[in-house]
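Biologist: I have a structure to go through with you. Can we take it step by step, in plain words?

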Amino acid sequence: MAKNKHRWKIQLGATIAANPFFLHFFQGKISRGALKEVCVPGLNCYSCPAAAASCPIGAIQAVIGSSKFHFAYYVVGILILVGALLGRAVCGFLCPFGWFQELLHKLPTKKFSTRRFRPLIYLKYLVLVLFVIVLPMTVVNEVGMGDPFFCKYLCPAGILEGGIPLSIVDGSIRASLGALFTWKSCILLGVIVLAVFFYRPFCKWLCPLGALYGLFNRVSVYHFQVDRDKCTACGACSRVCKMDVEVFRTPNHAECIRCGDCVAACPHQAITKGFSLKNTIGKKETVS
């Protein structure tokens, strides 16, 4: 099976760049430097001891849940900029938790297709609207503060990168662990088990950041293009796509993470990738 053999190097570099303070894992402390005012593009928990910057989903909820909330101009602006440039290439190259799932999927076990579960891809849009925006905005305490519902109740990256490492080192944190820690640990365990057998289950079904970036795939500067004169609709690209995209029909589908496996697999070199300001909205993307 043809693959993009060098993508993991970028994923490794992005993970290290987002988490350079490795010694903090042994010290049980969280970096609170000036860089924490900036968001990384991928899902990477603010509370991870090694994290240099903030998670965009966490930052959005911090603003929305604030009693002084107006609009998260800064965070939304960054997400729109990154989305308009890269689309879900962020998921394929720059997201540490996405790479974590890919590493789990490399374990030598029988693998299963997620095509039969395709309707579940719409769950992540519900998570984005309900847990990231609506609940933090409407369910507030007596002083007008809302909880970061996604981070607090659903995010497996938070418990993996923050909750577990901090509880191992800090006895006071261990002593205060309760039902919420158990609940989120179960979510993480479920994602880990599923990721061994299914490719990127959290990214496909639950990640609100993937849902947001997916909205930009058709208009992002970085995109795929199919040469209709070369394409024979043989389906080789679709067979290697682990995100269940029929690339020759919809090369810029919202589920595409731009991994490049389809480009390498095409026997006719009909699929190209790159940066272009040429507008692709409205262009016919189907092959008869």
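Modeller: First, a term. Helices (H or I, at least four residues) and strands (E, at least two) are DSSP runs, numbered from the N terminus. This is a predicted model, where local features need pLDDT of at least 70, side-chain atom pairs count only at pLDDT 80 or more, and totals for chains, interfaces and linings use all residues. Residues are numbered from 1 along each chain as its sequence is written, and side-chain values use heavy atoms, with hydrogens and water left out.

Biologist: Which helix gives the largest share of the lining of the largest pocket?

Modeller: That is α9, with five residues. At least two residues each come from α3 (56-64), α4 (73-86), α8 (149-153), α9 (156-169) and α11 (179-197).

Biologist: What counts as a pocket, and what as a cavity?

Modeller: Both are sets of points on a 1 Å grid over the protein atoms alone. In a cavity, a 1.4 Å probe fits but cannot get out. A pocket is an open set with protein on both sides within 12 Å along at least five of seven lines. Lining residues have an atom within 4 Å of a point. Points are joined across faces, edges and corners, and a volume is the space filled by probe spheres set on them.

Biologist: How much space lies in the largest pocket?

Modeller: About 790 Å³. It is lined by 36 residues, and Cys 45, Tyr 46, Ser 47, Pro 148 and Cys 151 are the closest to its centre.

Biologist: What classes are in that lining of the largest pocket?

Modeller: There are 23 nonpolar, nine polar and four charged residues. Nonpolar means Ala, Val, Leu, Ile, Met, Phe, Trp, Tyr, Cys and Pro; charged means Asp, Glu, Lys and Arg; the others, Gly among them, are polar.

Biologist: New topic. At what angle do α9 and α11 pack?

Modeller: About 120 degrees, with the axes 9 Å apart. Axes are lines fitted to C-alpha atoms, for helices over the stretch in contact, and angles run from 0 to 180 degrees between N-to-C directions. Under 35 degrees counts as roughly parallel, over 145 as roughly antiparallel, 65 to 115 as roughly perpendicular and the rest as oblique. So α9 and α11 are oblique to each other.

Biologist: Which residues of α9 and α11 meet?

Modeller: Contact means heavy atoms within 4.5 Å. In α9, Pro 156, Ile 159, Leu 160, Gly 163, Ile 164 and Ser 167 take part; they meet Phe 181, Lys 184, Ser 185, Ile 187, Leu 188 and Val 191 in α11. Eight of the contact residues are nonpolar, three polar and one charged.

Biologist: And what about α6 with α9, what angle there?

Modeller: Helix α6 (residues 96-105) and α9 pack at about 90 degrees, with axes 11 Å apart. That is why α6 is roughly perpendicular to α9. Pro 96, Phe 97 and Phe 100 of α6 touch Pro 156, Ala 157, Leu 160 and Glu 161 of α9.

Biologist: How do the axes of α6 and α11 cross?

Modeller: At roughly 55 degrees, and they come within 7 Å. Therefore α6 and α11 are oblique to each other.

Biologist: Last one. How many cavities of 30 Å³ or more are there?

Modeller: Five. The largest cavity holds about 90 Å³ of space. Its lining has 14 residues, with Cys 231, Cys 234, Cys 237, Phe 248 and Cys 266 nearest its centre. In that lining of the largest cavity, 11 residues are nonpolar, three are polar and none is charged.
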